[in-house]
Amino acid sequence: MKINKIGAILCASALILSNTFAFGDTIDSMSTFIKNGKIVTYSDFTEEDDFKKIVPIDHQFNEYQNFAHGYTIKYPNHMYVDVSISPVKTLIYDKEKSIEIYYDNFKGTSSSAASYIGYSNRFLQNTKDHYKEYEDTLHINGMKVHLLKWDRDKLPKVHNDKNHYVSAEIVKNAHEVYTIIIKSAKPFQSYEEYMELIQTFMLIEKKGTPQVHLEQGKVYRGLNDETKAFYEKYFENSKEIQWGIFENTAPKDFGFLKSLEEQLDYTFDFLVLYQSFSSNGFPMEEMNNAYENNRYVELTLQTMYLDGRDNDSVTYDILKGKYDDYFYEYARQAKLFEHPILFRLNNEMNGDWCVYSSYFTSKDPEMFKAVWKYVYNIFKDAGVDNVLWVWNPHDGSFPNFAWNHSLNYYPGDEYVDIIGLTGYNAGTYYPGETWRGFNEIYVPLYEEYDKIFRQPFMVTEFGSNSVGGNKIEWIHEMFDQMKKFERIKVAIWWNGIDWDSQRNPARIYRLDQSPEMINTFRHRLKEYKTTE
């Protein structure tokens, strides 16, 4: 068994010895049992266990049995099996090819197998970047299967880019679907090349519970003295949450923010600044103004245009090198700033409102991770030593499909310093939305992340709408619960409004909406120390 930063990765055909593997040494005479992410020598398990089995078939193939999701599939026995995010997917791969297997159950939701298939493949509406070669509906082992084959251009910034795709959505019933996505660095030679594998997919009785098996380990990277001291003060050694705010006039101008802080009798150490490709590169003036006013900035860069330009190809164009000059200059300016930056790249990537979501790029989250690593390495090459990298999905995935799960977007401990949490109580202004209490949003999110990640946490942006419930009660619940989250070091209130298409206020997240609200925040913030 080989363990890496992302968790348990198994070479099923290998001679397994002292946590290493010897490629090509097959195990023809015995099965391999995987219990809760570890290889075991027995097959007993309980309903709480995440249990899997690899059975040698012959000198070429193994059979992978996933009991928690109830299926088996045969695969070439030289390939590796990755069960590190077992509730989300199984990954089987080698250098040239990868096989991703997902399970979705939409019972009790508004989605169905039919809507899942249609929505998952909307990326094909972008015919400029995606080339559909084949689509069909057939039956395999008594189940209806939607088969799709497509390509995209090879991306020079992605090592060994797998740009040839086949997906098979296998319908068990109206609300249960299995999806097999095969990606290849080389064109498929024939229909049989992928169908021989897909046709081996069979259902078995479900047993056990899938679990995440990410290995937690601390990663150290070179930071300048000021940034290291900042990290230690606010994230490593801090025993109390520090509060921040998004106020769209700051940090460019502090007039309104300081008047608000006087009303609250509190100084916010952390601000949020948003940027896109429509911005003029690194915001040196705003960053300097923040530093001169003793504030730290969560600098959020979203790789898209906000001025009406076409965003369809942006992610692919980044990985073709068309934005090299932009990122190298951005990194150079970030280094010249010298002071600590919380750098949040492409937040809420698991939401289909973001053009860098895999919803737009072949339902392939590897494209997001490739952009993240590409930008990270540019900063590294430029010697940037004052940036802390904040990875920040949304608390709910939209669409809520397994291939769009937030863990699919995690680039690895090597590339992430701080885990960002974001969940809003959006209220009830829009049909279908419901009022969500703070605990309803953040208790399960915190508990999930606490088990998975080793980095400190911050609530990068959050708030409650005023439409649909008692916002004052929500705020009290937030302050009461936040004290219990030991790993959350910073929480930033998003003090703004989302407007509907007629410019009516739809989601009112402001904390200064009324004197009562101001008084509530002023009273509760007194429970927290400032850093001045």
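I looked up Trp-243 and found it in strand 18, residues 242-246 (strands, E, of at least two residues, and helices, H or I, of at least four, are DSSP runs numbered from the N terminus). I note that this is a predicted model, where local features need pLDDT of at least 70, side-chain atom pairs count only at pLDDT 80 or more, and totals for chains, interfaces and linings use all residues. Residues are numbered from 1 along each chain as its sequence is written, and side-chain values use heavy atoms, with hydrogens and water left out.

Is Trp-243 buried or exposed? I read a relative accessible area of 2%, so Trp-243 is buried (under 20%; exposed is over 50%, partly exposed in between, with a 1.4 Å probe and protein chains only).

I then listed contacts (heavy atoms within 4.5 Å). Not counting residues up to four places away in sequence, Trp-243 touches, among others, Tyr-266, Phe-268, Phe-462, Met-478 and Met-482.

Last, I checked Glu-298, which lies in strand 20, residues 296-302. Glu-298 is buried, with a relative accessible area of 0%. Leaving out residues up to four places away in sequence, Glu-298 touches residues including Arg-344, Thr-460 and Ile-492.
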